[in-house]
Amino acid sequence: MSLKAIALLSGGLDSMLAIRALQLQGVEIEALNFRTQFACCRETATRAARLLDVPLTVLAEEDAYLDVIRRPKFGYGRGANPCVDCRIYMFQRAKSYMDEVGADLVVSGEVLGQRPMSQKRRDLMVIERHSGLEGRLLRPLSAHRLPATLAEQSGAVDRARLYDFSGRSRKGLIALGRQFGFPEEDMPSPSTGCMLTQQSFAPRVYDLVRLDAENSPWDFALLKVGRHLRLDAATKVVVGRRESENQLLKRMAAEPASRASAVLVPQNFQGPTALIVGPATSEALDFAGGLILRFCHYEGADTPHLEVDGPEGCVVREAIRIPEAETAAIL
Ligand code: SF4
């Protein structure tokens, strides 16, 4: 009976190589792609699956994934990326899928030492152990540098036909891709495309998880929209950067899961939309109005007015310049 493996497929070169290496040994592969709201590579995964001729299932994150970001056991990388915990989460789900479809092992394109946060030897071992895949997580590209998996021990996978890649160099991997006949355009760069790794994005993630104990999936979705500025520990204001974001903020404020306490829209001038998370006090409304003036550089002769949809229903309020809004730091 042939071996069946579940392979994590990001669509990057490494995962493609890992799959092809096992296909050449007659292993039947089914690919899984994980989509999180911060890292989405479904299109490249779809293209890679087509090239490799493997069935692809795309799994979206569940709400439990947010706990990985809130409280990573193994810490963050340079941004707010909890890569070790994130990989454990993905492999736990891959294991469930493997058990569900009766596959024998999980395959990953990880290369020892390639990424600083999650591919050091200790990280790879931790990920294997915590995902419940001891002996059943095969990394074909670095197999010679790692303990043999059960499939290699039994001879079902020929270890001699696997690889000993390590480190950050892409040269050998690209050469292998060419040997496998992958077209140049299907050998994408190893970029994760994950917003959590961006150092410029990290402050707003930390701000949310450290200051807002009630944070919800809605708050995480909001992190990707607008400029975020904090008035105090309980109150944050999000200001749209372009018309599409102004519209999105209004839509998000109207969602059933919304935690917005007020939405402010310029009434008699052109400017961004602002949304308040936290108590919509008079001080918070003045702060949000001041931010609107700041970001649209209002210089008109008329007194600027805002439509405020908040705790008092829809009211009109004057926007005033206040020092707190002029100097508030953007997260
Ligand atoms: S880069 Fe992002 S998606 Fe990839 S393992 Fe790290 S946190 Fe997870």
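Predicted model: local features only at pLDDT ≥ 70, side-chain atom pairs only at ≥ 80, totals over all residues.
Contact here means that heavy atoms lie within 4.5 Å, and helices (H or I, at least four residues) and strands (E, at least two) are DSSP runs, numbered from the N terminus. Residues are numbered from 1 along each chain as its sequence is written, and side-chain values use heavy atoms, with hydrogens and water left out.

Let me start with helix α8, residues 202-211, which is mostly covered, since 7 of its 10 residues are buried (under 20% relative accessible area, where exposed is over 50% and partly exposed lies in between, with a 1.4 Å probe and protein chains only). Those buried residues are Ala202, Arg204, Val205, Tyr206, Asp207, Leu208 and Val209, and they pack against α3 (65-70), α9 (217-222), β6 (227-232) and β7.

Strand β7 covers residues 235-239 and contains threonine 235. Is threonine 235 buried or exposed? At 3% relative accessibility, threonine 235 counts as buried. If we leave aside its neighbours within four places in sequence, threonine 235 is in contact with Arg230, Ile276, Val277, Gly278, Pro279 and Ala284.

Now please turn to helix α1, residues 13-23, which packs with helix α7, residues 171-179, at an angle of about 50°, their axes being 10 Å apart. That makes α1 oblique to α7, because angles under 35 degrees count as roughly parallel, over 145 as roughly antiparallel, 65 to 115 as roughly perpendicular, and the rest as oblique. Axes are lines fitted to C-alpha atoms, for helices over the stretch in contact, and angles run from 0 to 180 degrees between N-to-C directions.

Which residues meet here? From α1 there are Leu13, Asp14 and Leu17, and from α7 there are Leu173, Ile174, Leu176 and Gly177. By class, the residues of this contact divide into 5 nonpolar, 1 polar and 1 charged (Ala, Val, Leu, Ile, Met, Phe, Trp, Tyr, Cys and Pro count as nonpolar, Asp, Glu, Lys and Arg as charged, and the others, Gly among them, as polar). Helix α1 is largely enclosed by the rest of the structure, because 10 of its 11 residues are buried, including Met16, Ile19 and Arg20.
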